Amino acid sequence: MENEPLALTINLLEHIDVAKALASVPRARILSFLKDSLMNINELAEKMALPQSTVATNVAILEKAGLVSTECTKGRKGIQKRCAAAFA
């Protein structure tokens, strides 16, 4: 699933924040995981073998660029941030 192509078309001059957000392998991988399903930060961190804080930082950058939407929900232990791709 992670190796399936993911295509986005943007005007770089109008959306430089999106271009900057995409200029990272971990962020591209996050988008690849989220294109088919919702995942929380912990699930992404486990799947990517990265620290939770690193994944949370990268998700925040993608969210700021409008590529990811997030929602905080009650989890088994506190609050969890659910993430979804913000594009079709």
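Which side chain does the side chain of Asn58 make a polar contact with? Keep that one in mind for a minute. Just so we're clear, this is a predicted model.

Okay, the sheet. We've got three strands in an open sheet, ordered β1-β3-β2, and the pairing is antiparallel. β1, at 39-40, and β2, at 68-75, are the edge strands; each has a single partner, so one side of each has no neighbour in the sheet. β2 pairs with β3, residues 78-85, over eight bridges, antiparallel again.

α2 is residues 25-34 and α3 is 41-48; their axes come within 11 Å and cross at roughly 115°. That crossing is right-handed. On the α2 side, the contact uses Pro26, Arg29, Ile30, Phe33 and Leu34, and α3 brings in Leu44, Lys47 and Met48. Sort those residues by type and you get six nonpolar, two charged and no polar.

Back to where I started. Asn58 sits in helix α4. Its relative accessibility is 10%, and the cut-off for buried is under 20%, so Asn58 counts as buried. And the partner is Arg27: the two side chains make a polar contact at 2.8 Å. Skipping the neighbours within four places in sequence, Asn58 is in contact with Ser24, Pro26, Arg27 and Ile30.

Methods: Residues are numbered from 1 along each chain as its sequence is written. This is a predicted model: local features need pLDDT of at least 70, side-chain atom pairs count only at pLDDT 80 or more; totals for chains, interfaces and linings use all residues. Side-chain values use heavy atoms; hydrogens and water are left out. Two strands pair if DSSP finds at least two bridges between them. Helices (H or I, at least four residues) and strands (E, at least two) are DSSP runs, numbered from the N terminus. Axes are lines fitted to C-alpha atoms, for helices over the stretch in contact, and angles run from 0 to 180 degrees between N-to-C directions. A crossing is left-handed if the near helix is turned anticlockwise from the far one by less than a right angle, and right-handed if clockwise. Contact means heavy atoms within 4.5 Å. Ala, Val, Leu, Ile, Met, Phe, Trp, Tyr, Cys and Pro count as nonpolar, Asp, Glu, Lys and Arg as charged, and the others, Gly among them, as polar. Buried means under 20% relative accessible area, exposed over 50%, partly exposed in between (1.4 Å probe, protein chains only). A polar contact is a pair of N or O atoms within 3.5 Å; within protein, one must be able to donate a hydrogen and the other to accept it, and residues adjacent in sequence count only if both atoms are side-chain atoms.
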